[in-house]
Amino acid sequence: MLLKEQTDERLMAEVALGNLDVLKVLFDRHHVHIFNFLYKMCGDKMLSEDLTQDVFYKVIKYRSSYKNGKFISWLFTIARNSMKTHFIRNKESHDDLEPISHRLTAEETGRQEDYSHLQMALNQLEASDREAIILNRFHEIKYAELAEILDSTPGAVRTKVSRAIQKLKTIYLQNS
């Protein structure tokens, strides 16, 4: 079977055994998702690029700690921890990050303006609520996997996401 046809879990099992060449397939599949998550959380493109590289460095470094669980949960957990570590080391709080700026050109459509409005509303949420929505709605991570990432239960995560969406809806409609 070709590497590209294998599951993430199977590929990561190979990486854990020392076959680091296989990591390229995982990187190709997921680096954009990790970058987008980090960028939506911090709003800094260069920092997001650096943290994305750090995430995949840690995948190599901690490959022996992978225990055949859901790879995507493990990967996003590393991404969250890398971001938190960065802000702790730099004595910054990701709750206080500047909102992501969006420059709209004349030819951009109303849909893009709606997206910009949504992003501004997202930026007004607490970081933990923003993170839950981004992972669940933008990256389509299921509640059970998100519970692993957030070290919680699926029921608690479902409630958190629901409440965060209600907050987002309120903010979005207030700014309309």
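This is a predicted model: local features need pLDDT of at least 70, side-chain atom pairs count only at pLDDT 80 or more; totals for chains, interfaces and linings use all residues.
Modeller: Residues are numbered from 1 along each chain as its sequence is written, and side-chain values use heavy atoms, with hydrogens and water left out.

Colleague: Why is Ala147 called buried?

Modeller: Buried means under 20% relative accessible area, exposed over 50%, and partly exposed in between, with a 1.4 Å probe and protein chains only. Ala147 has 4% relative accessibility and therefore counts as buried. Ala147 is found in helix α7, residues 143–150; a helix is a DSSP run of H or I of at least four residues, numbered from the N terminus.

Colleague: Which residues does Ala147 touch, not counting residues up to four places away in sequence?

Modeller: Ser152, Thr153, Pro154 and Val157. Contact means heavy atoms within 4.5 Å.

Colleague: What makes Asn136 buried?

Modeller: The relative accessible area of Asn136 is 10%, so Asn136 is buried. Asn136 lies in helix α6.

Colleague: What does the side chain of Asn136 reach at 2.9 Å?

Modeller: The side chain of Asn136 reaches the backbone oxygen of Ile141. A polar contact is a pair of N or O atoms within 3.5 Å; within protein, one must be able to donate a hydrogen and the other to accept it, and residues adjacent in sequence count only if both atoms are side-chain atoms.

Colleague: Which members of the largest nonpolar core touch the most others?

Modeller: Of its 38 residues, they are Met12, Ile34, Phe37, Val59 and Phe76. Helix α4 gives the most to this core, with nine residues. Such a core is a set of buried Ala, Val, Leu, Ile, Met, Phe, Trp, Tyr and Cys residues joined through side-chain atoms within 4.5 Å.

Colleague: What lines the largest pocket?

Modeller: Its lining includes Asp8, His33, Phe76 and Glu145. A pocket, on a 1 Å grid over the protein atoms alone, is an open set of points where a 1.4 Å probe fits, with protein on both sides within 12 Å along at least five of seven lines; lining residues have an atom within 4 Å of a point. The volume is about 200 Å³, as the space filled by probe spheres set on the points, which are joined across faces, edges and corners.

Technical notes
Helices (H or I, at least four residues) and strands (E, at least two) are DSSP runs, numbered from the N terminus.
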